[in-house]
Amino acid sequence: MDEGVDPTQMCRSLVEKVSRSEQLKAVTEPEVLVLFEDWLEELEEEVLALVRSKGSADPARLAEDLGVSGSGVRFLIKKLATEGKIPSIPSD
């Protein structure tokens, strides 16, 4: 990827748009949404597997293991905790 591109920020932006699905449906092909949802689901499964195997949800460690930014991992941890899939962690 090019220097200066933050895939986590791009992901966060897209997630915010997905939350406004009616607006997004009007401007995005359904195939793009499916690809994004599949990718996000795979990333969530990786986070869950690492949390289970390591016994913790340390954002810095998970970010290193996954090769994504700390803010991206914190976003995923918060999402998974909100869904009740993992315990919530204290904010930084």
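# Notebook: helices and their contacts

I started with Trp 39, which counts as partly exposed at 40% relative accessibility. Here buried means under 20% relative accessible area, exposed means over 50%, and partly exposed falls in between, using a 1.4 Å probe and protein chains only. A note on what I am reading: this is a predicted model, where local features need pLDDT of at least 70 and side-chain atom pairs count only at pLDDT 80 or more, while totals for chains, interfaces and linings use all residues. Residues are numbered from 1 along each chain as its sequence is written, and side-chain values use heavy atoms, with hydrogens and water left out.

**Entry 1: the overall layout**

I looked up the secondary structure next and found five helices and zero strands in the chain. Helices (H or I, at least four residues) and strands (E, at least two) are DSSP runs numbered from the N terminus. In sequence order the pattern reads α-α-α-α-α. The chain has 92 residues, and 28% of them count as buried.

I also checked how far along the sequence the contacts reach, with contact meaning heavy atoms within 4.5 Å. Taking contacts between residues at least 6 apart in sequence, 45% join residues at least 24 apart.

How many aromatic pairs does a search of the whole structure find? It finds one. The partners are Phe 36 and Trp 39, in a tilted arrangement with 6.0 Å centre to centre and 40 degrees between the planes. For the record, rings of Phe, Tyr and Trp (its six-membered ring) pair if their centres lie within 6.5 Å; planes under 30 degrees apart are stacked, over 60 edge-to-face, and the rest tilted.

Phe 36 and Trp 39 sit three residues apart in helix α3 (residues 30-54), so about one helical turn separates them. Phe 36 is buried, with a relative accessible area of 8%, whereas Trp 39 is partly exposed at 40%.

Leu 14 and Phe 36 are 22 residues apart in sequence, and their C-alpha atoms are 8.5 Å apart in space. Leu 14 is partly exposed, at 26% relative accessibility. At 42% relative accessibility, Glu 37 is partly exposed.

Two packed helices are described by the angle between their axes and the distance between the axes. The axes are lines fitted to C-alpha atoms, for helices over the stretch in contact, and the angles run from 0 to 180 degrees between N-to-C directions.

The α3 and α5 axes come within 10 Å and cross at roughly 85 degrees. That makes α3 roughly perpendicular to α5; the cut-offs are under 35 degrees for roughly parallel, over 145 for roughly antiparallel, 65 to 115 for roughly perpendicular, and oblique for the rest. On the α3 side I noted Leu 40, Leu 43, Glu 44, Val 47 and Leu 48, which meet Leu 76, Lys 79 and Leu 80 in α5. By class this contact holds six nonpolar, no polar and two charged residues. Ala, Val, Leu, Ile, Met, Phe, Trp, Tyr, Cys and Pro count as nonpolar, Asp, Glu, Lys and Arg as charged, and the others, Gly among them, as polar.

Is Glu 44 buried or exposed? It counts as buried, at 7% relative accessibility. Leaving aside neighbours within four places in sequence, Glu 44 touches Leu 76, Lys 79, Leu 80 and Lys 85.

**Entry 2: α4 and its two partners**

Helix α4 (residues 59-66) packs with α5 (residues 70-82) at about 110 degrees, their axes 8 Å apart. The two are therefore roughly perpendicular. Pro 59, Leu 62, Ala 63 and Leu 66 of α4 make the contact with Gly 70, Val 73, Arg 74 and Ile 77 of α5. I counted by class and got six nonpolar, one polar and one charged.

With α3, the axes come within 11 Å and cross at roughly 120 degrees. That makes α3 oblique to α4. Here Glu 46, Val 47, Leu 50, Val 51 and Lys 54 in α3 meet Arg 61, Leu 62, Asp 65 and Leu 66 in α4. The classes come out as five nonpolar, no polar and four charged.
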